[in-house]
Number of protein chains: 2
Amino acid sequence: MRSGRLPQGVEWAVHACLVLALLRPDEQLPAQRLAELFDLPPAYLAKVMQDLAVAGVVVSASGRHGGYRLAAAPGELTVGRVVRATGLAEALFVCTEIRGRGPCAATPEQCRTPCAVATVMRRAEMAYLEVLDAVSLADLPVPGGRAAAEQWLTAHVHRVKERS
Amino acid sequence: MRSGRLPQGVEWAVHACLVLALLRPDEQLPAQRLAELFDLPPAYLAKVMQDLAVAGVVVSASGRHGGYRLAAAPGELTVGRVVRATGLAEALFVCTEIRGRGPCAATPEQCRTPCAVATVMRRAEMAYLEVLDAVSLADLPVPGGRAAAEQWLTAHVHRVKERS
């Protein structure tokens, strides 16, 4: 797991994206507002949102009227993409090739084929992500209810200025 | 992920168990020796081995001639059990029920059914563990080769004293 990221980051990321999925194309929501909505520590949630932006799951506009919105339609963004963006997928199994170390180290020739341990772990990871890649943000209900979230959003979204 | 555990702990745990799988029923190997074999930091590996002992994957005998051995035959211990023992499985998704927080919080009634996000994440976790539960330690080759490991073990194992 990357330094500074909490396992809870995954929960926050998916819930945040489900709320952003309710925005109209010309709307965006500041990270600070998302933190209020879920009563989360703003600094940690901001890090999670930055991860999502780097991964291209959300886009952000900076400035006083800035905020986040999804980078694509909710039906086109899978839970798997959100989870990958948090770094959880890379943290599942870290192969450091310890078979190549110590008094009984495998030879470089033996290490040309993947380690059997890493192979099994990778297969499990693929099964994990396969489940998450089959579910899009549009497939999930908004926890807490869509109506309440939409009402709250109406009061707190920023409208994107039309380009002149 | 539990405090103090590294993601590499999973790699170390599985490799350590594959070596312990080569021991005869009356043999045990000190954690310090396992650390030498893989050229790993002894203190961290000792923590991983303690996790495995707590989970019942290995058993340890303390004292000057103490050491670790598998708690069951290699064919009866799955990679899934080893991975669970490291705490990785619990760290995959942590649900803190954030849907029950903030201005649009779900009601206690709504929270009686599991959160849709947690449900999807749990389904993925089950797919992950299902792959690992289908592979036993006996199914995996010893990375680096069985012959070299057995030769090294002959020189470094402790024989369990026969009870008088």
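Which element gives the largest share of the lining of the largest cavity? Exercise 2 works this out.

**Conventions**

This is a predicted model, in which local features need pLDDT of at least 70, side-chain atom pairs count only at pLDDT 80 or more, and totals for chains, interfaces and linings use all residues. Residues are numbered from 1 along each chain as its sequence is written, chains are lettered from A and ligands numbered from 1 in the order in which they are written, and side-chain values use heavy atoms, with hydrogens and water left out.

**Exercise 1. Find the buried side of helix α2 of chain B and state what covers it.**

Step 1. Helices are DSSP runs of H or I of at least four residues, strands are runs of E of at least two, and both are numbered from the N terminus. Helix α2(B) spans residues 31-38.

Step 2. Buried means under 20% relative accessible area, exposed means over 50%, and partly exposed lies in between (1.4 Å probe, protein chains only). In α2(B), the buried residues are Ala31(B), Leu34(B), Ala35(B), Leu37(B) and Phe38(B).

Step 3. Seen down the axis, these buried residues fall within an arc of 160 degrees, so they line one face of α2(B). The arc is that of the directions from the helix axis to the C-beta atoms. As background, an α-helix has 3.6 residues a turn, so residues three or four places apart point the same way.

Step 4. The cover over the buried residues of α2(B) includes α1 (8-20), α3 (42-54), β3 (67-70) and α7 (146-156) of chain B. Contact here means heavy atoms within 4.5 Å.

Step 5. After α2(B) comes Asp39(B), with a positive phi near 55 degrees.

**Exercise 2. Describe the largest cavity and its lining.**

Step 1. On a 1 Å grid over the protein atoms alone, a cavity is a set of points where a 1.4 Å probe fits but cannot get out, and lining residues have an atom within 4 Å of a point. The structure has six cavities of 30 Å³ or more.

Step 2. The largest cavity holds about 120 Å³ of space. Grid points are joined across faces, edges and corners, and a volume is the space filled by probe spheres set on the points.

Step 3. Its lining has 15 residues, and those nearest the centre are Val19(A), Leu37(A), Phe38(A), Pro143(A) and Cys104(B). The elements that give two or more residues are α1 (8-20) and α2 (31-38) of chain A. The largest share, three residues, comes from α1(A).

Step 4. Sorted by class, this lining has 10 nonpolar, three polar and two charged residues. Ala, Val, Leu, Ile, Met, Phe, Trp, Tyr, Cys and Pro count as nonpolar, Asp, Glu, Lys and Arg as charged, and the others, Gly among them, as polar.

**Exercise 3. Work out how strands β2 and β3 of chain A are joined.**

Step 1. Two strands pair if DSSP finds at least two bridges between them. Strands β2(A) (residues 58-61) and β3(A) (residues 67-70) have four bridges and are antiparallel.

Step 2. Ser60(A) is opposite Tyr68(A) in β3(A).

Step 3. The two strands form a hairpin with five residues between them, where Gly63(A) has a positive phi near 100 degrees.

**Exercise 4. Decide which residues of helix α7 of chain A are buried and which are exposed.**

Step 1. Helix α7(A) covers residues 146-156, and its buried residues are Ala149(A), Trp152(A), Leu153(A) and His156(A).

Step 2. They cover an arc of only 105 degrees around the axis, which puts them on the same side of α7(A).

Step 3. These buried residues pack against α1, α2 and β4 (158-159) of chain A.

Step 4. On the face turned away from the buried side are the exposed residues Ala147(A), Gln151(A), Thr154(A) and Ala155(A).

Terms used: 1 Å grid on protein atoms, 1.4 Å probe; cavity = no way out; pocket = protein on both sides within 12 Å on 5 of 7 lines; lining within 4 Å.
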